[in-house]
Amino acid sequence: MNITDFISYLNGSDEYIHHIYSKGGCYRFHILLSKMYKNCVPYISANKNHIITKYRGKFYDIYGEVDNQDGFTKLREDELPMVNKWSFRKHNLLKLSECPNCDEPLI
């Protein structure tokens, strides 16, 4: 399966997937891609708050191919401790409107 199809299928698997991988989990998304596709390289934004993945000359994040890579640079080893701390679970909360177990509305 090509990388864009994988990203599309992953996004279609659950309505919260893109939130998880775009709000704290972007480095973990890179790790997932690098396990599935060899030679993935992480790039970090100029303001040090987002990771995209370079694969076969193109760049990707949870939304698919990234057209604008302005300000992104290859992730340096000294930046790894910072991005390893990024986490959706630790820093974000989904607005619950339905039970995560049975999909019934929460009142």
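Q: Is K48 buried, exposed or partly exposed?
A: This is a predicted model, and in it K48 is partly exposed, because its relative accessible area is 32%.

Q: And which residue does K48 meet in a salt bridge?
A: E79; the two side chains meet at 2.9 Å, N to O. The pair links distant parts of the chain, 31 residues apart. K48 is in the loop between β1 (41–44) and β2, while E79 is in the loop between β5 (73–74) and α4 (80–85).

Q: Okay, and E79, buried or exposed?
A: Buried, because its relative accessibility is 4% and the cut-off is under 20%.

Q: How exposed are R76 and D78?
A: R76 is partly exposed, with a relative accessible area of 43%. D78 has 55%, so it counts as exposed.

Q: How many salt bridges does the structure hold, then?
A: It holds 3. K48, R76, D78 and E79 are linked in a network of salt bridges.

Q: Switching to strands: in what sense do β2 and β3 pair?
A: Antiparallel, over 3 bridges, with β2 covering residues 51–55 and β3 covering 58–61. Y55 has K58 as its bridge partner.

Q: What about the turn there, how many residues are between β2 and β3?
A: The hairpin has 2 residues between the strands, and R56 in the turn has a positive phi of about 50°.

Q: And how do β3 and β4 pair?
A: Also in the antiparallel sense, with 2 bridges between β3 and β4 (residues 64–65). Y60 has E65 as its bridge partner in β4. These strands form a hairpin too, with 2 residues between them.

Q: Where does Y63 lie?
A: In the loop between β3 and β4.

Q: Is Y63 buried or exposed?
A: Exposed, because its relative accessibility is 54% and the cut-off is over 50%.

Q: What does Y63 touch, leaving out residues up to four places away in sequence?
A: I7, H18 and S22. With S22 there is a polar contact between the side chains, at 3.3 Å.

Q: And how far is the C-alpha of Y63 from that of S8?
A: 8.0 Å, although the two residues are 55 apart along the chain.

Terms used
Residues are numbered from 1 along each chain as its sequence is written. This is a predicted model: local features need pLDDT of at least 70, side-chain atom pairs count only at pLDDT 80 or more; totals for chains, interfaces and linings use all residues. Side-chain values use heavy atoms; hydrogens and water are left out. Two strands pair if DSSP finds at least two bridges between them. Helices (H or I, at least four residues) and strands (E, at least two) are DSSP runs, numbered from the N terminus. Buried means under 20% relative accessible area, exposed over 50%, partly exposed in between (1.4 Å probe, protein chains only). Contact means heavy atoms within 4.5 Å. A polar contact is a pair of N or O atoms within 3.5 Å; within protein, one must be able to donate a hydrogen and the other to accept it, and residues adjacent in sequence count only if both atoms are side-chain atoms. A salt bridge is a side-chain nitrogen of Lys or Arg within 4 Å of a carboxyl oxygen of Asp or Glu.
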